[in-house]
Amino acid sequence: MKFKIEDLTVYFPYEYIYPEQHQYMLELKRALDAKGHCLLEMPTGTGKTITLLSLITSYQLAHPTGSNKLIYCTRTVHEMEKVLDELRTLQAYQEKELGKAAKILALGLSSRKNLCIHPKVSAEGSRESVDAGCRKLTASWVRASAVDNLDIELCPFFETYEKQGAEALLPSGVYTLQDLRSYGKQKGWCPYFLARHMIQFANVVVYNYQYLLDPKVSGIISKEMQKECVVVFDEAHNIDNVCIEALSVNIRQQTVDGASRNLSKISQTIQK
């Protein structure tokens, strides 16, 4: 259905809208107009995700030169996939109403473990193992050494992606993690590095809180994002735990004991 929220035409992919959804859209639209912040809450099961996506993407269509990127932060991969599925339904409806003018690029970004298609590396059990296996095949110093030593193994998907350079692009559409893996296999490109490259061009990016909140990660992944973005934190009550985890350091007792012994040795040396 298509309707007005004040002066904004909203494209909503279902035939019925709850009063709570309409009120939610109204408050969200006013927050976007004011370029401010808002904290919104809806009961479980009342269609919060599609309400957010419908209003914000409609706002993007009405203001193509304004804040034209939506960054949607979720807590889990399951929630990310749910958002992208809802967005695909919405995108199909908008294209039906507006044609090519409604085409967007939307994608999810997750860890190497969820995007890797290298047969050996992707078979590793933990995220840390996949990250380590990937770096062993793609690190700059490894690739430099492989120029003179053909016995050094490299990742064929990363090498093919790198050879494409600026031409390694995704067509418009909505891409889940599985879509990215399938496209990577089809093209012979690394889905992880392709997704990282494409987030700067995408209209909608869906990824984990940590990609924006953790300084260690955001400095690598999100540094090229435009400053004028619409940022949504889904299930925002989890933000404090994510921030605590991102800025916390775990130290083993063995490390503390070793540091204490070293300090004692330094103290004894100084006193001599």
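A residue counts as buried when its relative accessible area is under 20%. In this predicted model, Tyr-209 has a relative accessible area of 0% and is therefore buried.

Tyr-209 forms an aromatic pair with Phe-233; the ring centres lie 5.8 Å apart and the planes meet at 75°, so the arrangement is edge-to-face. This pair joins distant parts of the chain, 24 residues apart: Tyr-209 belongs to the loop between strand 6 (204–208) and helix 10 (210–213), and Phe-233 to strand 7 (residues 230–233). Phe-233 is partly exposed, at 27% relative accessible area.

Nine aromatic pairs are found in the whole structure. Two of them are compared below.

| Pair | Distance of centres | Angle of planes | Arrangement |
|---|---|---|---|
| Tyr-183 and Trp-189 | 6.1 Å | 70° | edge-to-face |
| Tyr-209 and Phe-233 | 5.8 Å | 75° | edge-to-face |

Tyr-183 is buried at 12% relative accessible area, and Trp-189 is buried at 6%. Elsewhere, ring pairs connect Phe-158, Tyr-161, Tyr-192 and Phe-193 into a cluster.

The largest nonpolar core comprises 71 residues, among which Leu-170 and Tyr-207 touch the most other members. Helix 2 (residues 48–62) is the greatest contributor to this core, with six residues. Beyond its neighbours within four places in sequence, Tyr-207 contacts residues including Ile-71, Met-80, Leu-109 and Met-225.

Met-80 also takes part in the packing of helix 3 against helix 8, together with Val-77, Glu-81 and Arg-88 of helix 3 and Leu-177, Gln-178 and Asp-179 of helix 8. The axes of helix 3 (residues 77–98) and helix 8 (residues 177–187) are 9 Å apart, at an angle of about 80°, so the two helices are roughly perpendicular. By class, this contact has three nonpolar, one polar and three charged residues.

Conventions
Residues are numbered from 1 along each chain as its sequence is written. This is a predicted model: local features need pLDDT of at least 70, side-chain atom pairs count only at pLDDT 80 or more; totals for chains, interfaces and linings use all residues. Side-chain values use heavy atoms; hydrogens and water are left out. A nonpolar core is a set of buried Ala, Val, Leu, Ile, Met, Phe, Trp, Tyr and Cys residues joined through side-chain atoms within 4.5 Å. Buried means under 20% relative accessible area, exposed over 50%, partly exposed in between (1.4 Å probe, protein chains only). Helices (H or I, at least four residues) and strands (E, at least two) are DSSP runs, numbered from the N terminus. Contact means heavy atoms within 4.5 Å. Axes are lines fitted to C-alpha atoms, for helices over the stretch in contact, and angles run from 0 to 180 degrees between N-to-C directions. Angles under 35 degrees count as roughly parallel, over 145 as roughly antiparallel, 65 to 115 as roughly perpendicular and the rest as oblique. Ala, Val, Leu, Ile, Met, Phe, Trp, Tyr, Cys and Pro count as nonpolar, Asp, Glu, Lys and Arg as charged, and the others, Gly among them, as polar. Rings of Phe, Tyr and Trp (its six-membered ring) pair if their centres lie within 6.5 Å; planes under 30 degrees apart count as stacked, over 60 as edge-to-face and the rest as tilted.
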